[in-house]
There are 2 protein chains.
Amino acid sequence: MIAVDAMGGDFAPGAIVKGALSAAKEFGIKIVLVGDEARISRYLSPSNELQLPIDIRHAPQRVEMGEVPSESFRQKPYSSMSVSLKMLYEKEVKAVVSAGNTGAFLYSAIKILNTLPKVKRPAISTIIPSIKGRTIVLDAGANVDCRPEWLLQFAIMGHLYAKIILKKERPKIALLNNGSEPTKGNRLTQEVYRILDNSSLNFVGNIEGNNIFYGEADVVVCDGFVGNIFLKLTEGFANIYVNMLKEEVSKRARSGIGAYLMKPAFENLNRRLDFTEYGGAPLLGVNGVCIVAHGSSPSYAIKNAIKTAEDFVIKDFNKTLPEEIERLEDLVTYRPSKRRWFWGSLRGSFSKERDEKEEKIE
Amino acid sequence: MIAVDAMGGDFAPGAIVKGALSAAKEFGIKIVLVGDEARISRYLSPSNELQLPIDIRHAPQRVEMGEVPSESFRQKPYSSMSVSLKMLYEKEVKAVVSAGNTGAFLYSAIKILNTLPKVKRPAISTIIPSIKGRTIVLDAGANVDCRPEWLLQFAIMGHLYAKIILKKERPKIALLNNGSEPTKGNRLTQEVYRILDNSSLNFVGNIEGNNIFYGEADVVVCDGFVGNIFLKLTEGFANIYVNMLKEEVSKRARSGIGAYLMKPAFENLNRRLDFTEYGGAPLLGVNGVCIVAHGSSPSYAIKNAIKTAEDFVIKDFNKTLPEEIERLEDLVTYRPSKRRWFWGSLRGSFSKERDEKEEKIE
């Protein structure tokens with residue numbers, strides 16, 4: 001049984017209910033829709049001719065897109081999001097899917113479910129399209145200020161995701177950086193390079209933004225600040241390109257006919273570049289399978305996200321992850337040099353103190 | 001007189017000589033081509049039917065694209081790059097244009113010319129195309145680990161660039177961030193937000209990667225690590241989009257005809273998205289006008305970069321910049337809070353010590 005937050009996302013609850021129906025029909029997945037019972041039934045009852053096994057759990061509150069995660073968590077204990085996560089905590093369901101406020105989902109998931117043993121910080125992982133297929137990028141925005149050892153864990157999480165969910169034999173791990181040479185990078189990525197290079201992961205070195213799309217790596221690791229900027233840019237760019245192309249086309253009659261003839265090619269390409277196709281972004285490292293779907297998810301994206309959730313459950317991802325972290329972290333041979341270590345730990349202890357005073361995630 | 005590094009760039013010296021000839025012809029700019037005299041003459045003599053005022057200065061060495069900046073600087077004192085910069089230092093020329101190794105150019109420029117008074121760190125500024133026109137993005141890669149006050153200076157440099165070179169009345173300054181709300185960001189951008197918000201610049205707030213292309217800001221400020229990743233991605237994305245579209249087109253005869261008819265629209269769009277069109281990237285904050293042209297610059301890009309160099313000279317940009325920095329920095333009302341200031345200065349002093357031991361730019 002998988003809980004689906006029926007009130008999250010731009011097209012909720014209509015698209016969510018429709019997506020849940022498709023997932024139940026195509027994959028035989030048992031689903032409970034969480035949210036405003038009356039509204040959900042209005043969409044569900046007339047569409048569910050097949051009497052598919054979809055339950056409804058009433059939740060009277062709803063987290064809006066712009067809300068501050070910590071506030072909505074405190075102020076709305078009966079939101080569809082929190083109720084879903086509590087059902088997962090109580091083992092009533094095996095996974096939660098939500099297309100709602102990503103920050104709030106992450107914050108609530110950590111508060112309610114906690115992180116997995118051995119995991120320092122959970123990360124949001126997304127899949128982006130490439131010429132060769134699909135590439136996992138993480139962290140996509142959970143942690144804006146990172147320490148090097150967190151990125152090692154992100155790499156391990158991505159490695160396991162690629163291996164057991166995407167079935168890549170020996171996933172190629174790359175570090176997003178400002179140049180391909182090993183010496184490139186800021187303080188963080190230089191240190192992370194050394195750590196990954198001395199791990200037993202299949203580390204293929206630094207990768208520059210544009211090369212990700214050529215599918216040179218299966219997993220690309222970065223801090224959440226860079227990851228977020230990268231993904232938003234990627235998401236927006238295809239739109240801008242098409243917009244500008246339309247402007248150019250409108251200047252010429254000949255191009256207009258061309259554009260008409262090319263329409264199927266454009267549509268197919270946009271589908272390939274469409275993030276929502278790829279079945280949601282798992283919150284890796286949380287103690288419970290949680291999948292974020294894009295806020296603007298149409299029903300087929302919700303269906304794909306539910307399928308991804310089931311994959312994570314069936315493959316027992318969250319049981320394997322702490323074992324893999326322990327095993328792979330132990331194999332890292334690199335230890336920072338003494339002077340670096342001294343300054344680093346000193347600086348680290350200040351930041352830690354500050355971190356503990358502040359909240360874990362904003 | 002402007003010195004042009006004739007040996008830098010993928011198509012040197014052919015494209016460089018051709019670009020210099022166009023600049024001399026179209027704008028009447030006096031140019032000295034620096035590099036291997038014999039090779040330059042081979043391209044220059046047969047093309048210069050108009051007897052345009054182009055000199056050659058022999059320089060026997062050449063900096064290659066992959067070289068480490070500090071090493072090439074030490075090992076090749078007679079490279080076309082270093083000789084050009086020394087001519088600028090000796091006031092034989094008023095500006096230098098190079099399409100060579102950007103890191104080496106920046107490193108050599110700072111070593112030979114030094115930074116301008118009041119400038120903490122020079123920045124590479126680039127122009128990217130947007131739906132409304134052009135947007136300046138800086139730092140594009142000179143400084144990978146930045147302190148908040150450097151980004152204030154980048155904002156001031158960008159402001160002046162937009163105002164006196166691009167002739168924008170009251171340039172809109174934005175901060176590249178992982179969300180549009182003022183609370184978003186990592187430690188660096190949160191601090192920079194407060195500083196810019198309390199300055200007298202026309203600060204319009206945070207901007208997300210995809211919105212840059214809608215032309216919502218005239219100047220976008222970021223650290224050099226993020227800036228570099230952002231620009232490489234932007235540069236590469238149009239190529240990837242077109243590649244994928246070609247794949248889709250090749251699957252359908254109808255699309256093939258469409259693509260043929262759309263060819264002029266594609267070509268025009270690619271020209272609009274072509275960075276090289278925009279006349280090079282100035283190294284702002286260096287004591288001397290230095291313009292980087294893209295390594296793969298064709299001749300018209302070299303011509304545009306020479307024109308940009310002349311604009312900077314005529315508008316006396318480098319005389320105005322230190323005055324503007326002094327004036328605008330004094331108007332900033334924000335001072336970091338005491339606790340933050342304490343930890344900040346403590347951490348700052350460590351990093352400074354480390355910085356001084358390491359070299360200024362790698």
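Trainee: How much area do chain B and chain A bury between them?

Mentor: The model is a predicted one. The contact draws on 68 residues from chain B and 68 residues from chain A. Carbon and sulfur atoms account for 65% of the area buried between the two chains. The total for chain B and chain A is about 7000 Å².

Trainee: Which helix of chain B gives the most residues to the side that touches chain A?

Mentor: On that side of chain B, the elements that give two or more residues are helix 7 (187-197), helix 8 (224-250), helix 9 (253-272) and helix 12 (338-357). The greatest contribution, 21 residues, comes from helix 8 of chain B.

Trainee: How do the residues of chain B that touch chain A divide by class?

Mentor: The side concerned takes 68 residues from chain B. By class, they are 31 nonpolar, 19 polar and 18 charged.

Trainee: How many salt bridges are counted between chain B and chain A?

Mentor: The side chains of A:Lys232 and B:Glu208 form a salt bridge, with 2.3 Å from N to O. That distance lies within the 4 Å cut-off for a salt bridge. For polar contact, the count between the chains is 6 residue pairs, both residues being at pLDDT 80 or more. For salt bridges, the count between chain B and chain A is 2.

Trainee: What kind of axis relates chain B to chain A?

Mentor: Chain B is superposed on chain A by a rotation of 180° with 0.0 Å of shift along the axis, at an RMSD of 0.0 Å. Such a relation is therefore that of a two-fold axis.

Trainee: In chain B, which residue has the C-alpha nearest the axis?

Mentor: Both copies use the same surface, as 100% of the contact residues of chain B recur in chain A. In chain B, the C-alpha nearest the axis is 1.8 Å from it and belongs to B:Gly258.

Trainee: Within chain A, how much area is buried between domain 1 and domain 2?

Mentor: Chain A is divided into domain 1 (1-119 + 285-316) and domain 2 (121-278 + 332-362). Their contact takes 22 residues from domain 1 and 17 residues from domain 2. Of the buried area, 64% comes from carbon and sulfur atoms. The area between domain 1 and domain 2 of chain A is about 1800 Å².

Trainee: Which residues of domain 1 of chain A lose the most area to domain 2?

Mentor: The elements giving two or more residues to this side of domain 1 are helix 3 (69-75), helix 5 (102-113) and helix 10 (299-314) of chain A. Three residues of domain 1 together account for 28% of what that side buries. They are A:Leu106, A:Tyr300 and A:Lys315.

Trainee: How many residue pairs are in polar contact across the interface of these two domains of chain A?

Mentor: The side of domain 1 that touches domain 2 has 10 nonpolar, 7 polar and 5 charged residues. Across the interface of the domains, 0 salt bridges are found. The residue pairs in polar contact, both residues at pLDDT 80 or more, number 2.

Trainee: Which peptide bond of chain A is cis, with omega near -5°?

Mentor: A:Pro13 is located in the loop between strand 1 (2-5) and helix 1 (14-27) of chain A. In chain B, the cis bond with omega near -5° runs from B:Ala12 to B:Pro13. In chain A, the cis bond runs from A:Ala12 to A:Pro13.

Conventions. Residues are numbered from 1 along each chain as its sequence is written. Chains are lettered from A and ligands numbered from 1 in the order in which they are written. This is a predicted model: local features need pLDDT of at least 70, side-chain atom pairs count only at pLDDT 80 or more; totals for chains, interfaces and linings use all residues. Side-chain values use heavy atoms; hydrogens and water are left out. Domain bounds come from an automatic or database domain assignment. Contact means heavy atoms within 4.5 Å. Buried area is the accessible area (1.4 Å probe) that two parts lose on being put together, summed over both. A polar contact is a pair of N or O atoms within 3.5 Å; within protein, one must be able to donate a hydrogen and the other to accept it, and residues adjacent in sequence count only if both atoms are side-chain atoms. Helices (H or I, at least four residues) and strands (E, at least two) are DSSP runs, numbered from the N terminus. Ala, Val, Leu, Ile, Met, Phe, Trp, Tyr, Cys and Pro count as nonpolar, Asp, Glu, Lys and Arg as charged, and the others, Gly among them, as polar. Copies are superposed by least squares on the C-alpha atoms of residues with pLDDT of at least 70 in both.
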